[in-house]
Amino acid sequence: MGLFDLFKKKPAPAPKPPVRPIVRPGMLGAQPDPKAENNFIIVILDSCRWDSFMEAAPKTITKLSGGKVEKRYTYASWTAPSHYNLLTGLLPHTTPPNVYASEYYKEDFFNYNTRLGAKGIEFAKMVPSLWLPGFLRNTLGYSTHARVSLPVLNPKTGINRDFDTFQLMDHHNDMRSMLPTLKFDEKRPAFYMLNVGETHYPYALPNEDSSMWPRISGVNGVFKKMEESIDDKGQLIKDDTQFFDADKMEQLRQRQINTVKYLDGVFAELFDLVPKNTHIIVTADHGELFGEMGYFGHGPIMHEKCFEVPFLEGKIR
Ligand SMILES: [Zn+2]
């Protein structure tokens, strides 16, 4: 190094990477002051297809919307992607012709101003995360909560983001047990997503003896038994259980209708406990097949009954 080199500017050291706070699940920052007036509850009747809901004709649930129930269409055919989509803020859709998707989304988001009792909500405010719980919590000052019945939505999944509390219920089919966990605070509006499982296969009421449930091999323990379905040579063991016949399918459909009738009574209890300024949406994450074209259930099925869901919303008072 020569003398003049000493006067040369030292090359700048490589910039240190910025220190980023580590965000752990469950460790959320403080909410801002509330910018919305209404509590907001979305109740998702898991697997409840449109015409099961209509045949049950629930009197209490439909008080929310003056009796009006829309037939809408879900964006996905099974629980996890459907809930993810819902939490982007996009509710089950109508299917208007000659309308660009971007225009439809814009209008869908604009409706949140009325739902939440807020001003200035538009699609652009959801960018870049496209995540309703984060927007409600970190922009509008909501406390955010999920109560879920189906283990595919458990708190370890990616669905659990920006929630203050997220609880997988002890039983997959007991909406009533969620009610004592709902808390409302006058100083801050609350958002609750309630994933209700009575309407999901096996369409069982909480007091029904589980030995009486209809059985399909594989479905009850689809995760638990995964490792038992592979033989010594690593081959998948083919299940040769008989598919449900037409009588059984009809019994199952009636069971789903019966769960909606039962849930109508649980909604009466929900409506009694929510404060006045609470906007409630009732819908489903997907439909269900009961034998049409040889299909049962939902998921890997391309059939309109898998996508038709009930949709209604409003304030109870
Ligand atoms: Zn589902």
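Before the details, two conventions. Residues are numbered from 1 along each chain as its sequence is written. Because the model is predicted, local features are taken only where pLDDT is at least 70 and side-chain atom pairs only at pLDDT 80 or more, while totals for chains, interfaces and linings use all residues.

Overall, the protein has 6 helices and 9 strands, where helices (H or I, at least four residues) and strands (E, at least two) are DSSP runs numbered from the N terminus. Of its 317 residues, 35% are buried, meaning that 20 or more other C-beta atoms, placed from the backbone, lie within 10 Å of the residue's own. If we count two residues as in contact when their C-beta atoms, placed from the backbone, lie within 7 Å, then among contacts with a separation of 6 or more, 71% join residues 24 or more positions apart.

Turning to the sheet, 7 strands form an open, mixed arrangement in the order β2-β9-β6-β1-β5-β3-β4, with pairing taken to need at least two DSSP bridges between two strands. At the edges are β2 (70-73) and β4 (165-168), each of which pairs on one side only. Within this sheet, β6 (residues 278-283) and β9 (residues 308-315) are antiparallel partners over 5 bridges, and His279 stands opposite Lys315 in β9.

Next, helix α6, residues 246-273. Its 28 residues should span 40 Å at 1.5 Å a residue, and its end C-alpha atoms are 41 Å apart, which agrees; the expected span is 1.5 Å times one less than the number of residues. As background, an α-helix has 3.6 residues a turn, so residues three or four places apart point the same way.

Finally, which residues does Cys48 touch, leaving aside those up to four places away in sequence? They are Phe53, Thr199, Gln256, Val260, Ala284, Val309 and Pro310. Cys48 lies in the loop between β1 (39-45) and α1, and it counts as buried because 29 other C-beta atoms lie within 10 Å. The C-alpha atoms of Cys48 and Thr283 are separated by 8.1 Å, although these residues are 235 apart along the chain.

Technical notes
A residue is buried if 20 or more other C-beta atoms lie within 10 Å of its own, exposed if 12 or fewer, and partly exposed in between; C-beta atoms are placed from the backbone.
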